[in-house]
Amino acid sequence: SPTGDTKQIMSEWPVMVKEFADHTDFGGFMKRAQGKTDKLVESLNLGGKSTMEKIRAVDQYIKSNYNWDKHTGKFVNQSIKDFMKNKVGNVAEINLFYAALLNNLGVNANPVLLSTRDHGKIKSQYPFQHFFNYVVVAVNLDGETMLLDGTEPLSACGELPVRCINDKGLLIQKEKTNNAVWVPINSRGDSGMEYKIHIRPMATPDSTFIDFQINSTGYDATRLRRLYLNDEKELRNELDLKTYNLRNPLKGENERSPDKSFLISGIAKTALEVVEDKIIVSPFCNFIPTENPLKQTLRSYPVDMIYKKGRTFETIIDLPKGYQMMNKPTTIDLSNQEVDIQYAVTQLNESSIQVKGTYRFKRDVYGASSYPDLKRYFNSIVDKLNDRIILIKKP
């Protein structure tokens with residue numbers, strides 16, 4: 001292609017780094033962008049601000065003013081003048097422009113070439129250009145590398161899209177082309193969802209109200225934000241609310257503030273299971289997986305969780321008049337280097353019960369040797385957190 005996107009070169013990695021740094025549609029675009037953004041930098045009025053404040057300001061500016069055209073690639077397809085006029089571009093145009101703006105503000109920023117998850121892993125022993133199909137930005141912040149991407153307006157600053165989390169990337173530094181520097185591409189921080197649930201049985205078990213709040217962070221928040229703003233039906237499916245009769249549309253908070261947690265709340269009406277004189281309550285409703293996703297007996301390759309994730313549940317069950325808990329489920333408290341799993345039931349008073357449950361995966365990738373343990377952890381989560389509370393009439 002004219003941009004060289006399908007070009008293959010068998011050479012040394014440092015030679016490839018220099019070629020990208022000098023390429024008119026890569027390093028050359030960055031250089032031209034720096035020359036075209038002096039007035040823009042002045043208008044941002046960031047003099048005297050800290051490095052992190054400058055990064056956040058540029059991140060917000062780009063995500064608010066430029067749109068990604070959904071095309072990946074490692075080279076630009078338009079001039080810097082057309083890009084700034086059209087305010088739409090591919091990933092290379094957006095993120096090379098991002099790096100140029102930061103450099104104009106005195107923040108040392110360099111592009112990083114990587115391969116998206118659907119494009120496969122980079123084979124370090126073979127220096128081929130076609131391994132790469134995406135560009136992000138790297139800055140050094142307090143001795144650590146921070147990776148940035150300007151394509152997703154609902155992602156927090158410094159949170160790479162999930163598609164990018166794929167082992168490592170190649171740093172392109174124009175002033176240091178005598179060696180190749182590989183940057184780990186990992187998720188940043190933990191992602192999680194915290195559920196607060198209130199189950200309120202009415203006069204009859206077939207008339208039960210469930211109040212819930214779901215506070216999400218990290219990649220979970222980004223995913224739910226996108227669904228909330230674009231497709232509430234799909235959001236209900238994602239949250240397993242399709243079997244509940246929601247009284248009102250779901251309510252969201254901070255849906256356009258990606259640096260904050262995202263809160264969803266709602267009220268649903270449902271029926272409790274009744275067997276003879278017993279009422280059976282699932283304290284965590286449909287929010288817990290009902291089967292283990294790990295089906296194989298053995299596994300010879302790692303389990304890629306993409307990012308560290310966790311779920312926390314706290315449910316208050318109001319006891320129907322004249323009922324009590326038949327049996328208190330056993331407590332579980334498991335914590336090690338790989339996971340946290342907790343479950344406990346507490347009788348708060350004569351009319352209410354509190355049920356708490358937690359599970360958290362502490363790694364984003366588990367080696368093949370950890371597979372049997374990981375499968376057992378999933379079994380514990382599915383079995384224990386789906387425990388049901390049985391209520392019987394008081395004697």
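In this predicted model, the largest cavity has a volume of about 30 Å³, and a search of the whole structure returns one cavity of 30 Å³ or more. The lining of the largest cavity is formed by Ser282, Pro283, Phe284 and Cys285 together with Leu385, Asn386 and Asp387. Sorted by class, the residues lining the largest cavity comprise four nonpolar, two polar and one charged.

The largest pocket, in turn, has a volume of about 500 Å³. Its lining consists of 24 residues, of which Phe287, Pro289, Lys309, Arg311 and Tyr359 are the closest to the centre of the pocket. Two or more lining residues are contributed by each of strand 8 (191–201), helix 7 (218–230), helix 8 (232–238), strand 16 (309–318) and strand 20 (352–361); among these elements, strand 16 gives the most, with four residues.

Thr208 lies in strand 9, which spans residues 208–217, and Thr208 counts as buried because its relative accessibility is 0%, the cut-off for a buried residue being under 20%.

Conventions:
Residues are numbered from 1 along each chain as its sequence is written. This is a predicted model: local features need pLDDT of at least 70, side-chain atom pairs count only at pLDDT 80 or more; totals for chains, interfaces and linings use all residues. Side-chain values use heavy atoms; hydrogens and water are left out. Buried means under 20% relative accessible area, exposed over 50%, partly exposed in between (1.4 Å probe, protein chains only). On a 1 Å grid over the protein atoms alone, a cavity is a set of points where a 1.4 Å probe fits but cannot get out, and a pocket is an open set with protein on both sides within 12 Å along at least five of seven lines; lining residues have an atom within 4 Å of a point. Grid points are joined across faces, edges and corners, and a volume is the space filled by probe spheres set on the points. Ala, Val, Leu, Ile, Met, Phe, Trp, Tyr, Cys and Pro count as nonpolar, Asp, Glu, Lys and Arg as charged, and the others, Gly among them, as polar.
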